[in-house]
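I want to go through the charged pairs one at a time.

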Amino acid sequence: MSNVFDDGALAVLERQIDEWLAGLRAENPAIEAIDRGEGDECRWYVRMRGEAKEYITIWFTLGQRTLRYETYVMPAPVEHVTEVYEQALRRNERLVGAHFAIGAEDALFLRGELPLTALDEAELDRVVGSLYAYVEQSFPALIRLGYASHVARLEQAEAEAGTDAGTDG
């Protein structure tokens, strides 16, 4: 069983996380914003610009024993549903510190948690970098499979627009 942190220790850790995330933002141009949750819950939102996926937001939640984190990967698939979920589950074997999970409205998330006794700046940086990489690596194949007809229509429209742009009219 992991240690329970008291209010004083959690307040210190909360300030450290604020500082660590500010440092990450200063060093990483992909991080566009870091916001805090409202109310009693100790929560941070790290918003990053992706390449394969336009935006990636990681939510961190500080508890008495762990720092939980998650990021939204994609909405519930509308096509090849079983294959999308199977592909995500098979990817779990290669992931470190995170796993694919089905969340609200059957959307696909990456989630994980870290004992507070193991939390430091380097580990927080690893979590941010890993989740970013996992989303960027998995999103294209998962979205293409789960929204195959929609993706095909978009590609066809783009191809037709490119053909039209090349004509003198």
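**Salt bridges, pair by pair**

I started with glutamate 14, which is partly exposed at a relative accessible area of 26%. My cut-offs are under 20% for buried, over 50% for exposed and partly exposed in between, with a 1.4 Å probe and protein chains only.

Ground rules: this is a predicted model, where local features need pLDDT of at least 70, side-chain atom pairs count only at pLDDT 80 or more, and totals for chains, interfaces and linings use all residues. Residues are numbered from 1 along each chain as its sequence is written, and side-chain values use heavy atoms, with hydrogens and water left out.

Which residue does glutamate 14 pair with in a salt bridge? I found arginine 36, with the closest N and O atoms 2.6 Å apart. I count a salt bridge when a side-chain nitrogen of Lys or Arg is within 4 Å of a carboxyl oxygen of Asp or Glu. Arginine 36 sits in strand E1 (residues 31-36) and glutamate 14 in helix H1 (residues 7-27), so this pair ties together parts 22 residues apart in sequence. Helices (H or I, at least four residues) and strands (E, at least two) are DSSP runs numbered from the N terminus. Arginine 36 is partly exposed too, at 33% relative accessibility.

Next I looked up glutamate 123 and arginine 126, a salt bridge at 2.8 Å, N to O. They are 3 residues apart in helix H3 (residues 121-146), about one helical turn. Arginine 126 is partly exposed, at 27%.

Then I checked glutamate 41, which bridges to arginine 43 at 3.9 Å, N to O. A network of salt bridges links Glu41, Arg43, Glu70 and Arg111.

My tally by this rule is 10 salt bridges.
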